[in-house]
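I am opening a notebook on this structure and writing down what I looked up, in the order in which I looked.

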Amino acid sequence: PQSFRRLEYRPPVYTFDQVELDIALDPARTIVKSRIEVLPGKSFEPGAPLVLVGHDLEFVSLRINGEAHRHFELTPETLTIHSLPNEGKDKFIVEIICVCVPEKNTTLMGLYVSNGNFFTQCEAEGFRKITYFLDRPDVMARFKVTLRAREAECPVLLSNGNLINTEKLPNGWHSATWEDPFPKPSYLFALVAGKLECIEETITTSSGAKKLLQIWVEPHDLKKTRHAMDSLIASIHWDEKRFGLELDLERFMIVAVSDFNMGAMENKGLNIFNTKFVLAQPETATDADFANIESVVAHEYFHNWTGNRVTCQDWFQLSLKEGLTVFRDQEFSADQMGSESGRAVKRIEDVRLLRQLQFPEDAGPMAHPIRPDEYQEINNFYTVTVYEKGSEVVRMYQTLLGRDGFRKGMDLYFKRHDGQAVTCDDFLMAMADANGKDLTQFKNWYSQAGTPRVKVQEHYDAAKKQYQLTLTQSCAPSPGQPEKKPFHIPLKMRLITKANDQKEQLLELTQASQTWTFDNVEERPVLSINRNFSAPVNLDFEQSEADLLTQFSSDDDAFNRWEAGQKLAMQMILNNRLPDAQIIEAYRNILLDPNLDPAFKDLTLTLPAESYLYEQCTSVDPQKIFTARRAFRREIAKQLQLEWAALYQQMQTPGPFKSDGVDSGKRALKNLSLSMLLEAAPGVWAPMAANQYQIADNMTDRYAALAALVMHGAKQAKECLIDFYNRFASDALVIDKWFGLQSSRPPVDGLDSTLEEVKKLREHPAFKLNNPNRVRSVIHAFCANNPASFHQADGSGYEFWADSVLALDPINPQVAARLARALDRWRLFAQPYQDRMKAALERVSACQTLSPDVREVIGKALG
Ligand code: B3K
Ligand code: ZN
């Protein structure tokens, strides 16, 4: 397979100035005419041919400077144009006509049809499926786009920028012309056409300019757009306040589509979203949905500066825009929580996700630095490493430089690079120069994969009242990187003493090993380190249970307080122990503490995920881990049954539904209590869950009750599932929840295996292999989010996985490749799991017609 390498980057030979597109939309035959002004690029040499890329296109004609041009070659991937006027030294005009077939496009890249409407997805390399182009991010052009369509079928015609003209045309056709004043790479191009309606709002931004905001959806969904609009407005104001960045267009549009490969896309002025991240009403969306919508709307909006105004030179630099923009959306969501404890809750949630998904990636066969050096298929590199670890790296600048220093760096970055396509090094240099700080060693975060491990050794000398701390860093080998250089690791720490006389400090660990000495420490302290998870590392820190309990009950850093509890639980679960009296008491104190945020209590009583527990083992027995974790949970449920029952009553949220941090935290704790009660005594408490299911006035409570019944195998589950389906049959996003819940049910004694259920769900009339949300709710939910059901000793789960990857790949390689990742960590497993996983991987690998996407994932897994 062909690999692309970061160090092989060459600037473009030609570049584009003005681009005009004229697109006549027809599901069966869309005609795309382009008129492109071409100029010599940075690597230009006289006489060089112009090499454009195009995929799945029917070529019709080529003209240069108005004349038909015959000197060209076509391959399935390229259009190479020779004999350019004056050897290409002056500006010349290329005009191309080609055809594509949106209704046949199941890959959901390029131009495609969903529910009868037209949409595009161009990042990373989808534009080449619309027309022949220099489809690379360092070619930035000004676009003017005319869309034509039959008015009855496509009353709405949208593209990037400002609407400058509309016309009625013969035979029931009409057209709209859009102009985007900002030069942009092709990956930010978008069009939308069809029967859509919008809500709109006019706001005034910091400079006093008026802006039109619109959210476009299918007509029946209009009533579900308010929360997305509120989130957009909040994001616009936040970016002005925190970073001084203002919306630069007169109009900003969001469009929702139900067939979409990922969450959303930041096309300039015309963001396109998976419906899942736009549509919400209390009756149909959970608190988690509301929060996700807020954060994805913010993320895409923030890309307008970090991604669009300043974009990436090449796709190896993806984290330049993604890591930075995730950091920005995380900070936004934290601020939206409205309190310090709310910020901590958000931080804990983000770290949980990082450790559950990114740490395994960083230890597996697809491990890559946040700025990868090599890829076969760029779509495989929209990873939790590039995004979430990328965000952690950006957060470390802020930790090292302070908030003001970070802001100075951002200001300099925009001052230097607005309108350019740049690299991660440019970002680092802006941070370094704005603060006069040497960040040379910090570059290792960009070039080295793997989660660093920091060993903590303490020594307290009571006579000298001196405390010594030695930190030693290491990082395991990762593909292509046998040895690692030390990272620049910022570690926030504080010594916890009874006198409470020690301040928080920032240690910068830059050597392989360093020792710090603290004087005047009157008693042996308890160390609180990596506070607020200041660095994305694993700590190798042997702490006594007593110290952990101290931290768990009194660390003033909310993150580390939570972390101590997780560590205690993890050690016991991995040693197959049940919670002892002390930890039960500690949990009880947390639950009863009137000063703690309910959302924090919910996170504290939520045990580490199985995928995170796996990473602590050298040979994983998934059934043993499941059983130990479940027994541990059951014991907490039983021992604290009175407390759970009381909390269930106390955490009710009377009054109209509010999706804010306060009420959603209460609901989370209430519903955890409900789940714990069913864990303790399903027969006793299931009627209460069934009642909550029936009387709930919001989806959070209704779904939580249903989940508690299903997860604990209550007999009421069946009829509630039927009721749920019938109630929401016309709402695809809710039906996704219905599928997802059943596919992610862990094993329950006396019930059919979840695999049997999932196979039935695949035959359900509402299951569709070509809708990514539905596929994710059934197949990914089972293979990636239901480890105890998936990992069966007979390998049946893996067989199902292989069948599913092979069935999906010809339809949608991107979605198939995501699913293919579910077996990444096969080498970590004990027998017989390991051999069975290998066999399933080999069966997929033997398929001769795999997409490059799946081929890369499977090849690296087996490699
Ligand atoms: N930039 C897009 C992701 C595009 C993925 C292409 N396979 C969404 C985002 O990160 O905002
Ligand atoms: Zn993004």
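I began with a pair of helices and noted that helix 16 passes helix 17 in a left-handed crossing (left-handed if the near helix is turned anticlockwise from the far one by less than a right angle, right-handed if clockwise). Helices (H or I, at least four residues) and strands (E, at least two) are DSSP runs, numbered from the N terminus.

Before going further I recorded that this is a predicted model, in which local features need pLDDT of at least 70 and side-chain atom pairs count only at pLDDT 80 or more, while totals for chains, interfaces and linings use all residues. Residues are numbered from 1 along each chain as its sequence is written, and chains are lettered from A and ligands numbered from 1 in the order in which they are written.

Returning to the pair, I found that helix 16 (residues 682-695) and helix 17 (residues 699-711) pack at an angle of about 150°, with their axes 8 Å apart; axes are lines fitted to C-alpha atoms, for helices over the stretch in contact, and angles run from 0 to 180 degrees between N-to-C directions. Helix 16 is therefore roughly antiparallel to helix 17, a term for angles over 145 degrees. I then listed the contact, where Ala 686, Ala 689, Ala 690, Gln 692 and Tyr 693 of helix 16 meet residues of helix 17, among them Asp 701, Arg 702 and Leu 709 (in contact if the C-beta atoms, placed from the backbone, lie within 7 Å).

Next I asked which residues are around ligand 1. They include Glu 123, Ala 124, His 299, Glu 300, His 303 and Glu 322, a residue being near if its C-beta atom, placed from the backbone, lies within 6 Å. Strand 20 (264-265) and helix 2 (287-302) are the elements that give two or more residues to this shell, which has 5 nonpolar, 3 polar and 4 charged residues.

The bond from Glu 123 to Ala 124 is cis, with omega near 0°, and Ala 124 is in the loop between strand 11 (117-121) and strand 12 (142-150). I also found a cis bond joining Gln 831 and Pro 832, with omega about 5°.

Conventions. Nonpolar A, V, L, I, M, F, W, Y, C, P; charged D, E, K, R; others polar. Parallel < 35°, antiparallel > 145°, perpendicular 65-115°, else oblique. Contact = placed C-beta atoms within 7 Å.
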